[in-house]
Amino acid sequence: AEPVAALRGTGRRVWRVAFAKQEPLYRIAWGTEPRAGGFNNYADLDAAFDPARLELEAAKPQADQWLSPDWQAGSWTVRREAKGILQLLENGAPRGRIELDPALEGRPRCYCWIPAAQGRPQALAVGTDLQNSVYVFGLAKQGPCPILRQFRGHHDFVTSVGVSRDLRFLVSGAADGTIIVWSLDGLADGNEALGRWGGEFAVQDDGLRVTSLRPAGPLFRRGV
């Protein structure tokens, strides 16, 4: 039998991503050099890209020019607990919980707050391993928080997520070396099918048919 040879690429893991604080808002910075910063803080930013000009920026990113995951957290914080649970707190008081099954959805690896137009947090984006997904959860005062969206496309665990200053887009970086920008269009629709999956459905002829599909939604990206 022929010997098995391991193929090794030259790609680097992306450990952090962030949108710009100031115009142009859709510039993205990332970091590929891991450091011991604790949960949700795995690297400094070391490169940036302007998608409007399709150019890498010459200067190294300055930390104060990029949005942090908690730039609009307000009085909310996150406490990581066992078995894939993130306990949300408001002014130090326990509120809702992010509950992920490590054997199904994976463990939380990172998060960022998503504010409403008024500036108060309305959701939490959580990147995971196993499914290598980004889940967007609505905030609950008590009990499990509802899933509003699931974004899939990475092929290794998600290391960092961030929201743009105009709240239109979410960016995620992963250990597969990729960075993906997701649309948050319609997020305010909440738990309705159009808000979570980007489509509306009806039962017809003993089957489930799509009756409306939003191009910015997750199902459109999956080829529905």
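**Strand pairings and a buried glutamate**

In strand β11, R152 is the bridge partner of S133. This is a predicted model, so to speak of local features pLDDT must be at least 70, side-chain atom pairs count only at pLDDT 80 or more, and totals for chains, interfaces and linings use all residues. Numbering starts from 1 along each chain as its sequence is written, and side-chain values use heavy atoms, with hydrogens and water left out.

**The β8 to β11 sheet**
- Four strands make an open sheet in the order β8-β9-β10-β11, with antiparallel pairing (two strands pair if DSSP finds at least two bridges between them; strands are DSSP runs of E, at least two residues, numbered from the N terminus).
- β8 (108-115) and β11 (147-152) sit at the edges with a single partner strand each, so one side of each has no neighbour in the sheet.
- From one strand to the next, the twist averages 20°.
- Strand β10 (residues 133-138) and β11 run antiparallel, joined by 5 bridges.

**The β1/β2 pair**
- β1 pairs with strand β2 (residues 28-31) in the antiparallel sense over 4 bridges, and F19 has I28 as its bridge partner in β2.
- Both faces of strand β1 (residues 16-19) are covered: R16 and A18 on one side, V17 and F19 on the other, are all buried (under 20% relative accessible area, 1.4 Å probe, protein chains only).

**E90**
- E90 belongs to strand β6 (residues 85-90) and is buried, at a relative accessible area of 8%.
- Its side chain makes a polar contact with the side chain of K141 (3.0 Å); that term means a pair of N or O atoms within 3.5 Å, one able to donate a hydrogen and the other to accept it within protein, and residues adjacent in sequence count only if both atoms are side-chain atoms.
- Beyond its neighbours within four places in sequence, E90 is in contact (heavy atoms within 4.5 Å) with S75, W76, R95, R120 and K141.

Definitions and conventions: Buried means under 20% relative accessible area, exposed over 50%, partly exposed in between (1.4 Å probe, protein chains only). Axes are lines fitted to C-alpha atoms, for helices over the stretch in contact, and angles run from 0 to 180 degrees between N-to-C directions.
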